[in-house]
Amino acid sequence: MRKDRLKRFFLLFILTILWYSAPLHAQFLEIWEIQGNTTSSPYNQEVVTTVQNIVTAVGDDHFFMQTPPDRSDNDPATSDGILVNINNPDVLVGDLVSVSGRINEVDGNTQFNALGLQLDIVDVGQALPPTVDFGQSFPSITPSDPHPLEAVEGMIVSFVATAAGPSTGADLAPLYTTESRPFREPGIQFPGMSGTPVWDGNPELFWIDPDGLNQPNNRFIETGMTVSGEGPMIQDNFQYIVTPSTYSISGDGLLTQVRDKNLGEISVGSFNVLMLNSNSGNFQTKLRKLSKYIVESMKAPDIVALQELANSNSLGSLRNFILQNYGINYSNYFEQSGGNINTGFLVKNTITDIVVTQLGENENISLGGPLHDRPPLLLTGNIVSEPAIPIQVLNLHMRSLIDIEGDNSFFVRTKRHEQAISIANMIQDRQDENLIVVGDFNAYQFSDGYVDVVNQITGQESLGAIFTNQDIVNPPIINYTNTLPESERYSFVFRGNAQTLDHCLSVSQLDGLEVVEVQYARGNADQPEAFENNSQVVNRASDHDGLVAFIQVENPITSTSSINRPDFDVQFNNPMSKSDQITIIGYSSSQKINFRWMNQQGQVLEEGVSSMTDVIHLPKGIHSGMYWLQIADGEQSKTRKIIVQ
């Protein structure tokens, strides 16, 4: 039996070799005939011959050739260029070549297969065909089938473009030459579905692969930079990519902080921290970058709602890092949701009487199973003002858009729709409370055509979707995304499309509070992934931009500033024995301070709260060695090195 299988395998192998190496009896075609005017070649898997075409670019294992201008059909719907696969091609740019081989469609790209390929150099030193110049009118902003750029697949194009997003992990960067930056728009991508809004898909977008033809690589292209170049274009599934024979980059990217708080304001922030996990190898780098971003770019909001926390230790470490390096004393609140993607809060002492509760944790989807994988997390508290003003912040991290099309799409759409209905009911129940809603909604400010998540939650008018919105939230609540300039309505960049996934909402009638402005801190969505592991810069601390809402408080805020206050500190012997005590000295016997013991690696051994009249004892079971003691009162923070004998 085994011998029979081996014989069949060997026979199949021989037939395959013969198929590709047999003499090519091919029909003679021009390149534009091979390419055709649809998304794939009409001669796919057939053997063809095309003669006397000009080599326009050469790579390590392929080259491009193009029909001479005098033989072009001059049809804007067909391409005159094509990719030829061959190991170590012995051709030069400007050679005139004839090729026979089998046509393959690979990820949407029409090309000659290397197996059985026959190549003849007919002449050398030919002038190259003129490039296809990209500009305001091409690539077209009008969607079509096939894609507008299908007509130049394999041809040499030239451009002076703007980066629509940053370099990806694959070192590709999205570009556009049209007037406006490509944004995600309402609806299902062209051709869409009947009865729902249709998004054009931004056909003007194309990509650059800087080292696709062995040019020097550049992994640090930022949104807004100017990229110039020329080279052949290929297709890779949904992307049309220029592999440049020459290119240059100039200009600056987008890296901005939010404004400072004005007198009488508090701020509420929201930030997806991209899987902050204390067990990951780059944890310390992420702590440094996230802390810098929260403090310097987001200006250390009074309340920070966080998404994508792996565990409570991740949040606690972030809180400790901010305290140790910036002297800002946040309290941290975390609720486990059953997985390694969770939500939590960092809160300053400008908010008191804090209670944090999961909502909807026991709700189920109609198709079976938990409705909320990450249940909405509600923080209630009082702003330290005279008199105090209550505030509530609902932190959301909703079901993602992954698989909204495909085999699992009905489940995904149903879950997103029912989550939005559940949250809408939570909001309606709190219409008379000072409710702010923030988080990663994984949804746009408008309908995606399948589900209109945000407008179901806000009660605002919908453009329509397959899943119809229910009338729950009345009066409608405010989505501050819609108050921003159009160029600022994004927190994330996906496939070159700027889009808003992170929102700030509030009930329409806040009592004693007014949301006066919402800003995004720019430094993540527009920054290349290559910055992720660089601990020296704030760039790309996450893949989402954090938002900050500035809220005017009607009543005077009680100052907790340490300005003009006497200092406080601790007294101790150093080195000290295990029986020694540490005495707190300060300005007020009633003042409470937080203290924290850490080892040399920064791990927290013990923490607590003490008054100025108390003493601090060494942690139980402590060994001889070097330790750190942190003390903080919410505004001031000190770290002392202590040697224990």
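User: What share of the contacts in the protein chain with a separation of 6 or more comes from residues 24 or more positions apart?

Analyst: The share is 69%. This is a predicted model. A contact here means heavy atoms within 4.5 Å.

User: How many helices and strands does the protein chain have?

Analyst: It has six helices and 37 strands. The C-alpha atoms fill a box of roughly 95 × 65 × 65 Å along the principal axes.

User: How much of the protein chain counts as buried?

Analyst: Of its 645 residues, 54% count as buried. The cut-off is under 20% relative accessible area. The accessible surface comes to about 27,900 Å². Carbon and sulfur atoms hold 48% of that surface.

User: Why is I402 called exposed?

Analyst: Exposed means over 50% relative accessible area. I402 has 56% relative accessibility, so it counts as exposed. I402 is found in the loop between β23 (389–397) and α5.

User: How far apart are the C-alpha atoms of I402 and V412?

Analyst: They are separated by 8.0 Å. Along the chain, I402 and V412 are ten residues apart.

User: What makes α5 largely enclosed by the rest of the structure?

Analyst: Count its buried residues. In α5, 16 of the 20 residues are buried, so the helix is largely enclosed.

User: How do you know what span to expect for helix α5 (residues 409–428)?

Analyst: The expected span is 1.5 Å times one less than the number of residues. For the 20 residues of α5, that gives 28 Å. The end C-alpha atoms of α5 are 28 Å apart, so the two values agree.

User: What makes β14 and β15 paired strands?

Analyst: Pairing needs at least two bridges found by DSSP. Strand β14 (residues 226–236) and β15 have four, in the antiparallel sense, so they pair. In β15, I241 is the bridge partner of I234. β14 and β15 also form a hairpin, with two residues between them. N237 in the turn has a positive phi of about 55°.

User: Is the pairing of β13 and β15 parallel or antiparallel?

Analyst: Strand β13 (residues 206–208) pairs with β15 in the parallel sense, over two bridges. I241 of β15 is the bridge partner of W207.

User: Which residues of strand β15 (residues 239–242) point which way?

Analyst: Q239 and I241 point one way. Y240 and V242 point the other way. Are these residues buried or exposed? All are buried.

User: How far apart are the mean positions of the positive and negative charges?

Analyst: They are 12 Å apart, for 37 positive and 74 negative charges of the protein chain.

Note on methods. Residues numbered from 1 in each chain as written. Predicted model: local features only at pLDDT ≥ 70, side-chain atom pairs only at ≥ 80, totals over all residues. Heavy atoms only, no water. Buried < 20%, exposed > 50% of the residue type's maximum accessible area, 1.4 Å probe, protein only. Areas by Shrake-Rupley, 256 points an atom, 1.4 Å probe, with all protein chains shown as cover. Lys, Arg positive; Asp, Glu negative; His and termini not counted. Charge placed at Lys NZ, Arg CZ, Asp CG, Glu CD.
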